[in-house]
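Subject: A structure for you to look at

Hello,

Here is the structure I promised you. Please open it and keep it on screen while you read my notes.

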Amino acid sequence: MTQQSIMEMGQKLNITIKRLGINGEGIGYYKRNVVFVKGALPGEDVIAQVTKVNRNFAEAEVVKIHKKSSIRQTPPCPVYEECGGCQLQHITYKGQLAAKRDVIVQALTKYVKSQASKIHVRPTIGMEDPWHYRNKSQFQVRKPGNKVLAGLYSANSHKLLNIEECSVQHPATTKITTATKHILDELNIPIYDDRSKGIVRTIVVRTGIKTGEVQLVLITTRKNFPKKEVLVERLKQIDPAVVSIVQNINAEKTSLIFGDETYTLAGKETIHEELGELAFDLSARAFFQLNPTQTVHLYNEIKKAAALTGKETVVDAYCGVGTIGLWLAKDAKEVRGMDIIPESIQDAKLNAKKHGFEHVKYVKGSAEEWLAKWRKEKFVPDVLTVDPPRTGLAPSLLNTIVQVKPKRFVYTSCNPSTLAKDLQELTKVYDIQYIQPIDMFPQTAHVESVTLLTLK
């Protein structure tokens with residue numbers, strides 16, 4: 001019997017929720033078929049209405065809760081249901097931390113199978129204050145009526161949700177975005193719409209959590225437009241913390257935020273931020289962790305796993321602007337890093353120079369290309385550290401790592417599924433010592449982890 005004949009759109013089902021899914025939805029079963037129930041929690045008995053039927057699973061929404069979970073709470077954010085930016089505000093913070101660890105355990109059970117029960121997954125490291133931690137906001141700007149709105153699109157819709165305050169954003173980012181929005185309104189600056197007309201598309205605000213410096217970026221469809229000088233003067237008066245006002249041009253019909261051209265309109269080109277003993281100058285397009293407070297804990301876990309004594313060579317793959325390699329540099333004999341983005345390598349070199357590290361070297365290119373090349377030159381790192389995108393390690397890099405065989409391998413992951421798939425391959429030559437989950441994005445379904453692997 002096919003699933004289509006078992007479940008239909010709009011059908012109401014009695015379901016017991018077994019666990020939480022990777023996107024924060026409850027997972028239950030109806031006649032042995034998987035049902036993802038938005039807003040439901042493990043241990044709950046619910047009536048759920050089917051919203052989508054697929055070949056291997058169905059999606060549903062809670063209509064009524066018969067038995068409520070002890071970790072359920074009322075979400076503090078008034079637009080939580082509509083927004084979709086957070087997925088777990090209806091769970092107590094203690095419950096969120098346990099659920100994130102469980103998502104990793106589930107992924108291991110699925111992909112690493114027989115070995116999964118032997119892998120030590122530690123309790124999730126959380127935040128003392130799991131609110132207002134995000135140092136950067138990227139709010140779309142639209143003018144559907146006679147008022148400029150700035151915010152995020154509601155989940156699965158084209159409706160822009162006007163956001164004046166956000167529970168997970170640093171208050172400075174929303175305050176400056178709101179002030180900018182009002183100035184655009186008063187000056188009647190043309191706002192971009194979905195027919196590709198208008199000037200201003202997006203307001204991006206980043207604040208230095210440690211330094212308090214703020215950068216305000218306007219993404220526009222063209223460089224010059226009426227009242228631009230007046231606009232800049234007004235933006236300068238918003239707050240003394242705004243030390244950098246930047247314009248980025250993106251004329252394409254695309255979901256990408258930034259275009260290729262960037263101009264400084266007022267103040268500095270960058271803002272200053274500090275992480276532990278390290279300092280960074282961040283330009284508008286530079287990648288930087290969105291939760292600097294928790295990033296210090298993440299990098300310290302990487303450092304603990306690397307267990308450096310001053311005699312080891314380290315390779316930092318997917319190095320970005322060099323943050324992880326620089327965090328380890330003081331305790332390493334030599335650090336080498338690579339990235340395919342040329343601007344990242346430029347920044348990494350500048351950051352290494354600024355901190356006086358002469359034993360750190362950065363090169364442009366892929367990790368597999370350089371690891372293979374260095375191996376031919378008789379250089380195999382004692383410690384390899386990786387922090388790949390959500391897609392995990394490229395198959396070619398996995399093959400290279402298994403051939404090069406660094407003694408210690410520290411794998412930082414932001415996706416439990418791709419981590420577990422990669423571990424399936426890596427356990428052919430490595431033992432998994434432990435996995436340490438870290439909550440980088442409280443109130444959301446994202447879970448980061450640091451895995452220590454040692455050569456068999």
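Which helix gives the largest share of the lining of the largest cavity? It is helix α3, residues 93-111, with 3 residues. Before we go on, note that this is a predicted model.

**The cavity**

Probing is a simple idea. Rolling a probe the size of a water molecule over the atoms shows where empty space is left. A search of the whole structure turns up 1 cavity of 30 Å³ or more. The largest cavity holds about 40 Å³ of space. Its lining is made by Leu-20, Gly-21, Gly-24, Leu-88, Ala-99, Lys-100, Val-103 and Ala-445. Sorted by class, that lining has 5 nonpolar, 2 polar and 1 charged residues.

**The second largest pocket**

Now look at the second largest pocket, with a volume of about 1,000 Å³. The lining of this pocket has 34 residues. Nearest its centre lie Asn-23, Glu-25, Lys-38, Gly-39 and Gln-87. Which strand gives the most to this lining? Strand β5 does, with 6 residues. At least two residues each come from β3 (33-38), β4 (45-53), β5 (57-67) and α2 (80-83). By class, the pocket lining has 15 nonpolar, 11 polar and 8 charged residues.

**Helix α8**

Next, find helix α8, residues 342-354. This helix has 13 residues. From first C-alpha to last, α8 reaches 18 Å, close to the 18 Å expected at 1.5 Å a residue.

Which residues of α8 are buried? They are Ser-344, Ile-345, Ala-348, Asn-351 and Ala-352. An α-helix has 3.6 residues a turn, so residues three or four places apart point the same way.

Turn the helix over. On the other side of α8, Gln-346, Leu-350 and Lys-353 are exposed. What covers the buried residues? The cover includes β14 (278-282), α7 (323-329), β16 (334-339) and β17 (360-364). Just after α8 comes Gly-356, with a positive phi of about 75°.

**Cys-86**

Go to the loop between α2 and α3, where you will find Cys-86. Is Cys-86 buried or exposed? Cys-86 has a relative accessible area of 13%, and under 20% counts as buried. So Cys-86 is buried. Leave aside its neighbours within four places in sequence, and Cys-86 is in contact with Tyr-80, Val-168, Gln-443 and Thr-444. Tyr-133 is 47 residues from Cys-86 in sequence. In space, the two are 13 Å apart, C-alpha to C-alpha.

**Two residues with positive phi**

Asn-188 is a residue other than glycine, and its phi is positive, near 55°. Find Asn-188 in the loop between α4 (171-187) and β9 (200-207). Asn-188 is exposed, because its relative accessible area is 52% and the cut-off is over 50%.

Lys-405 is not a glycine, but has a positive phi of about 55°. Lys-405 sits in the loop between α10 (395-404) and β19 (408-413). Its relative accessible area is 38%, so Lys-405 is partly exposed.

Best wishes

Methods:
Residues are numbered from 1 along each chain as its sequence is written. This is a predicted model: local features need pLDDT of at least 70, side-chain atom pairs count only at pLDDT 80 or more; totals for chains, interfaces and linings use all residues. Side-chain values use heavy atoms; hydrogens and water are left out. On a 1 Å grid over the protein atoms alone, a cavity is a set of points where a 1.4 Å probe fits but cannot get out, and a pocket is an open set with protein on both sides within 12 Å along at least five of seven lines; lining residues have an atom within 4 Å of a point. Grid points are joined across faces, edges and corners, and a volume is the space filled by probe spheres set on the points. Helices (H or I, at least four residues) and strands (E, at least two) are DSSP runs, numbered from the N terminus. Ala, Val, Leu, Ile, Met, Phe, Trp, Tyr, Cys and Pro count as nonpolar, Asp, Glu, Lys and Arg as charged, and the others, Gly among them, as polar. The expected span of a helix is 1.5 Å times one less than its number of residues. Buried means under 20% relative accessible area, exposed over 50%, partly exposed in between (1.4 Å probe, protein chains only). Contact means heavy atoms within 4.5 Å.
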